[in-house]
Amino acid sequence: MKLVELYTLLSGDYEGTLERMCSERLVERFVLRFLGDETFPALEKAMAKENYQDAFHIAHNLKGVASNLGFTKLHKVADGLTEALRDGKKPEDDTLLLQVKEEYERTIAALKKFQGAEQQP
């Protein structure tokens with residue numbers, strides 16, 4: 001699988017990401033680094049502990065990373081959760097974290113597929 005195919009699979013912004021990073025090799029490096037990112041697990045922990053102020057900052061970070069990497073759908077759902085947490089209170093919409101989790105897991109699955117394809121001769 002080529003990098004552009006990964007972005008097509010994710011409905012991501014390949015062109016914008018490539019323009020920001022100026023090199024497909026650099027984009028690939030940061031995309032694969034996202035597999036080890038601990039932001040989403042930290043978000044789940046903060047939400048479980050009802051620490052909505054920390055959850056806001058973590059969701060905001062996830063939104064920024066997703067935006068920088070051109071993961072458009074993950075950025076959109078993370079933005080929704082970030083805005084719901086902005087006042088440091090429990091979001092009124094209980095489905096927001098689930099939406100982020102679903103898109104995060106979809107993104108990770110696509111990245112693993114891409115990584116596996118890259119390692120094959």
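**A short note on this predicted model**

1. Ala 46 sits in helix α4 (residues 39–48). Helices (H or I, at least four residues) are DSSP runs, numbered from the N terminus. With 7% relative accessibility, Ala 46 counts as buried (buried means under 20% relative accessible area, exposed over 50%, partly exposed in between, with a 1.4 Å probe and protein chains only).

2. Before going on, please note that this is a predicted model, in which local features need pLDDT of at least 70 and side-chain atom pairs count only at pLDDT 80 or more, while totals for chains, interfaces and linings use all residues. Residues are numbered from 1 along each chain as its sequence is written, and side-chain values use heavy atoms, with hydrogens and water left out.

3. Now to α5: its 18 residues should span 26 Å at 1.5 Å a residue, and the end C-alpha atoms are 25 Å apart, which agrees (the expected span is 1.5 Å times one less than the number of residues). Buried residues of α5 include Tyr 52, Ala 55, Phe 56 and Ile 58. After α5 comes Gly 70, with a positive phi near 75 degrees.

4. How do α2 and α3 pack? Helix α2 (residues 14–21) meets helix α3 (residues 24–33) at an angle of about 105 degrees, with the axes 8 Å apart; axes are lines fitted to C-alpha atoms, for helices over the stretch in contact, and angles run from 0 to 180 degrees between N-to-C directions. The two are therefore roughly perpendicular to each other (65 to 115 degrees). From α2, Tyr 14, Thr 17, Leu 18 and Met 21 make the contact, and from α3, Glu 24, Leu 26, Val 27 and Phe 30.

5. Finally, the aromatic rings: the structure holds five aromatic pairs, where rings of Phe, Tyr and Trp (its six-membered ring) pair if their centres lie within 6.5 Å, and planes under 30 degrees apart count as stacked, over 60 as edge-to-face and the rest as tilted. One of the pairs is Phe 34 with Phe 71, edge-to-face at 5.5 Å centre to centre and 70 degrees between the planes. This pair links distant parts of the chain, 37 residues apart. Both Phe 34 and Phe 71 are buried. Ring pairs also join Tyr 7, Tyr 14, Phe 34, Phe 40, Phe 71 and Tyr 104 into a cluster.

How values were computed
Angles under 35 degrees count as roughly parallel, over 145 as roughly antiparallel, 65 to 115 as roughly perpendicular and the rest as oblique. Contact means heavy atoms within 4.5 Å.
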